[in-house]
Amino acid sequence: MLANQIGYYSLTLGLLISFLVCGVSINDFKNTNKRINQNILTLSFLQLTFVVVSFLSLIISFINSDFSNETVFNNSHTTKPLFYKISGTWGNHEGSLLLWLLVLTLFIFLFLIKSKEQPKKYRILTLLFQQIIIIGFFLFVLVTSNPFNYLFPIPKEGLGLNPILQDPALAIHPPILYLGYVGTSIIFSSSLSAVTQNYICKEWGQHIKKWVLVSWIFLTIGIMLGSIWAYYELGWGGFWFWDPVENVSLMPWLTLTALLHCIIVLVKRANLTSWVVILSIATFTLSMCGTFLVRSGILNSVHTFANDPARGIFILIFLFILISLSLVVFFLFHKENNKSKNNFFLLSRETSILINNWFMMYFLSVVLIGTVYPIFLDVISSEKISVGPPFYLRLIVPFLIPLLFFMSLGPRLKWIKSKIENKNSLIITFIVSIMLTFFIVKNLTTDLLFYTVLVSAAFFLFFTTLKELFIKKFNNGPQSLAHFGFSLLILSILFNGILSSETITNMKIGEKYVYSKGEIFFKKIEERKKDNFNSIIAYFEIKDKNGKTIELKPEIRIYNQPAIITSEADIKTTLLEDKFLVMNLVKGNEYFNIRYQVKPFMIWIWISVLLLSFGGLMSLFKKKYEK
Amino acid sequence: MKNNFNLLIIITFLIFCFVIFYKGLDNLNTYAPKIKNTKSIPIFDAKDFNSSAYLNSQKIFGEDTFYIVNIWASWCVPCRTEHPLLMELSKNQSIKIIGLNYRDNLDNAKKFINEFGNPYSQIIIDNDGTLSVELGAYGVPESFIIDKNKKILRKIIGPINKEILEEIKLIIK
């Protein structure tokens with residue numbers, strides 16, 4: 001009750017402070033004083049505190065199962081474990097928007113502290129642009145999705161959190177993803193401010209690069225956590241489904257990756273300024289666009305919490321205001337640096353980064369079209385279609401081949417103008433990759449030529465980066481590590497795709513099912529009672545061709561609140577492969593639907609993503625990077 | 001000049017996007033598949049269930065009678081509920097039931113037929129599901145009623161129930 005009130009009022013106060021900050025900043029902007037007005041910092045800190053208080057009160061309401069709060073009533077239940085009561089705070093629309101606000105205010109406060117040696121006007125303008133976003137979100141939360149709505153009479157019991165969200169990976173997935181996703185707002189504000197101040201230069205590049213890296217690392221890990229969750233919780237046995245919600249997180253990742261590379265050019269050569277600005281704007285716009293697509297209910301997705309059209313219209317209008325604002329700023333103030341234009345040589349680091357950009361833009365447009373096209377078609381011709389994996393795979397996979405080659409060669413080139421050095425060793429690596437691939441792939445697939453080329457391109461990158469890591473003694477460690485991680489990711493995904501096998505059948509208890517690669521024996525089932533669900537645990541014995549037996553125990557959970565049945569897959573993970581078994585209840589029948597999958601190299605997909613982000617982390621802490 | 005032109009194009013495009021998204025918000029998200037009544041059955045070759053020989057669609061639908069194509073699989077649970085109704089329908093002389101065994105294990109499928117009976121005058125195999133896609137199917141089970149001109153009259157998504165059975169009987173009378 002009390003927490004509810006405190007939460008609501010601190011949220012309102014937070015909004016008021018936004019206006020105060022804007023007022024003080026505009027005054028200070030005209031002031032000729034060299035240092036920024038200390039009040040601005042204090043106010044920003046106060047705003048952050050209010051949002052934190054508001055967030056904490058929502059958490060407290062969740063912990064106390066205070067059902068006078070509508071959000072708690074809709075998303076919690078007394079029998080839920082404490083951990084999920086807390087994570088339920090951001091497992092719903094209202095709470096997750098509060099988390100948005102928290103990250104927005106946290107980042108602008110950190111920005112103000114960390115940018116003391118930057119020009120004053122630039123800092124103030126960044127703050128102002130960020131405050132526009134913050135005000136927009138405050139209004140959005142307070143007007144359309146207030147997390148502190150009061151319910152009377154107070155219900156005795158809540159409706160419960162959707163069981164598929166009751167999962168450890170998913171409890172930390174939103175905060176981490178948001179740090180990356182919302183963190184891009186700082187890049188957006190600061191690049192707009194830098195454009196107006198004509199401050200897109202080496203110094204700015206060095207300063208903003210840290211923010212780009214931080215967002216990129218969190219976004220990468222956040223996407224991975226979501227993917228891990230989908231892998232074992234949704235029970236399809238895959239890790240990426242090209243679901244709209246996955247796509248909208250991938251799109252800012254692609255632009256952010258391109259931006260990261262462009263900023264290196266900006267720092268080194270004071271070039272590609274337009275690219276940097278446009279990518280900064282695009283990254284945040286795509287984040288907002290993603291929020292709109294999944295929250296408005298315009299697309300069907302796991303993350304569509306509520307289909308309230310008012311919310312959709314609000315974000316839509318806000319999104320277009322931000323886009324128009326950034327367009328106006330860009331067209332009015334941006335001046336292309338003419339003197340350094342057109343002096344790119346074909347064989348140089350700059351050119352290879354430019355090529356990388358074009359690849360990222362291509363992947364982006366594929367994903368964007370695949371995600372948005374069904375909406376356009378629906379509105380224009382009322383025809384409903386859904387775009388699935390074949391579309392994305394066909395358009396993206398072939399282009400990975402040249403991308404992998406450029407990734408192997410590009411970082412070996414020098415700035416300005418260069419020749420390829422160590423040609424012989426490169427050629428040897430290349431031949432080894434092709435031969436290795438040919439021997440591995442020849443018995444596995446029918447499309448020999450395509451896979452040989454694709455896998456050997458991945459191996460080529462794998463070996464060249466591996467060699468750089470060990471022979472050159474971490475000369476350019478972060479980059480080599482990240483690229484090595486990427487090659488490992490592609491290799492694991494490819495072999496996972498080629499070698500995966502799946503068996504689906506219906507079985508009764510005590511039945512034995514024999515298939516080409518072994519046999520599955522359904523031993524027994526056991527029932528167990530837990531606080532918030534009853535579970536049926538099945539015992540399976542799986543014998544493979546070599547006579548090795550493993551036991552898998554998939555589970556069916558029948559949650560009491562809300563009454564939902566979920567299937568929990570049982571997965572045995574080893575370094576070489578995952579064995580994945582999931583079963584489904586067949587209503588009014590003694591049969592269980594069984595789905596058994598062998599997925600090679602699953603764990604390497606996660607490991608390689610971690611390597612990729614660790615490369616980013618190293619770059620963040622490596623002080624004299626590339627000096 | 002060029003800059004202004006670019007700006008104009010971008011603004012037009014943005015307004016277009018805005019309108020589309022705005023209208024998209026009004027659209028319901030429920031999915032209601034429609035079928036165009038004039039669609040003929042596609043011409044295809046399919047493997048026979050019993051002999052593994054390839055059959056042409058013109059041969060399968062060669063007789064001058066009503067046909068019903070039923071997509072089924074041994075792993076599909078609703079198929080089990082509709083099977084007795086198909087058995088009942090198979091007694092009717094004026095319609096022939098063609099079974100399309102969808103992404104199934106042949107042994108399991110044969111077990112299924114032995115256990116529940118065979119209502120089909122012919123069963124063809126669709127191992128990779130492409131044939132079902134060609135027919136315009138959304139899932140299993142699904143049934144297509146085909147008239148004497150080899151046009152798809154009606155599509156039944158999901159299992160056949162008693163009401164639909166009566167409807168089918170009415171159509172073929």
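Visitor: What radius of gyration does chain A have, and why can it be said to agree with that of a compact globule?

Guide: The model is a predicted one, and the comparison rests on chain length. For the 627 residues of chain A, a compact globule would have a radius of gyration near 25 Å, and the value for the chain agrees with this, being 26 Å.

Visitor: What share of the residues in chain A is buried?

Guide: Chain A is built with 18 helices and 10 strands, and its C-alpha atoms fill a box of roughly 85 × 80 × 50 Å along the principal axes. Among its contacts with a separation of 6 or more, 72% are between residues 24 or more positions apart. Of the 627 residues in the chain, the buried share is 58%.

Visitor: Is A:His77 buried or exposed, and which side chain does its own side chain contact?

Guide: A:His77 sits in the loop that runs between α3 (70–75) and α4 (82–87) of chain A. Because its relative accessible area is 7%, and buried means under 20%, A:His77 counts as buried. Its side chain makes a polar contact, at 2.6 Å, with the side chain of A:Thr79.

Visitor: How far apart in space are A:Ile317 and A:Thr196?

Guide: A:Ile317 belongs to helix α12, residues 309–333 of chain A, and is partly exposed, with a relative accessible area of 39%. In sequence, A:Ile317 and A:Thr196 are 121 residues apart, while from C-alpha to C-alpha the separation in space is 24 Å.

Visitor: Why is chain B described as more spread out than a compact globule, and what is its radius of gyration?

Guide: Chain B has six helices and seven strands, which follow one another from the N terminus as α-β-β-α-β-α-β-α-β-α-β-β-α. For its 173 residues the globule rule gives 16 Å, and the chain is well over that, so it is more spread out than a compact globule, with a radius of gyration of 22 Å. The C-alpha atoms of chain B fill a box whose extents along the principal axes are roughly 75 × 35 × 30 Å.

Visitor: How far apart are the mean positions of the positive and negative charges of chain B?

Guide: In chain A, which has 55 positive and 35 negative side chains, the centres of the two sets lie 14 Å apart. Chain B has 21 positive and 18 negative charges, and the distance between their mean positions is 4 Å.

Key. Residues numbered from 1 in each chain as written. Chains lettered and ligands numbered in written order. Predicted model: local features only at pLDDT ≥ 70, side-chain atom pairs only at ≥ 80, totals over all residues. Heavy atoms only, no water. Helix = DSSP H or I, 4+ residues; strand = E, 2+ residues; numbered from the N terminus. Rg over C-alpha atoms; globule rule 2.2 N^0.38 Å. Buried < 20%, exposed > 50% of the residue type's maximum accessible area, 1.4 Å probe, protein only. Contact = heavy atoms within 4.5 Å. Lys, Arg positive; Asp, Glu negative; His and termini not counted. Charge placed at Lys NZ, Arg CZ, Asp CG, Glu CD. Polar contact = N/O pair within 3.5 Å; in protein donor to acceptor, adjacent residues only side chain to side chain.
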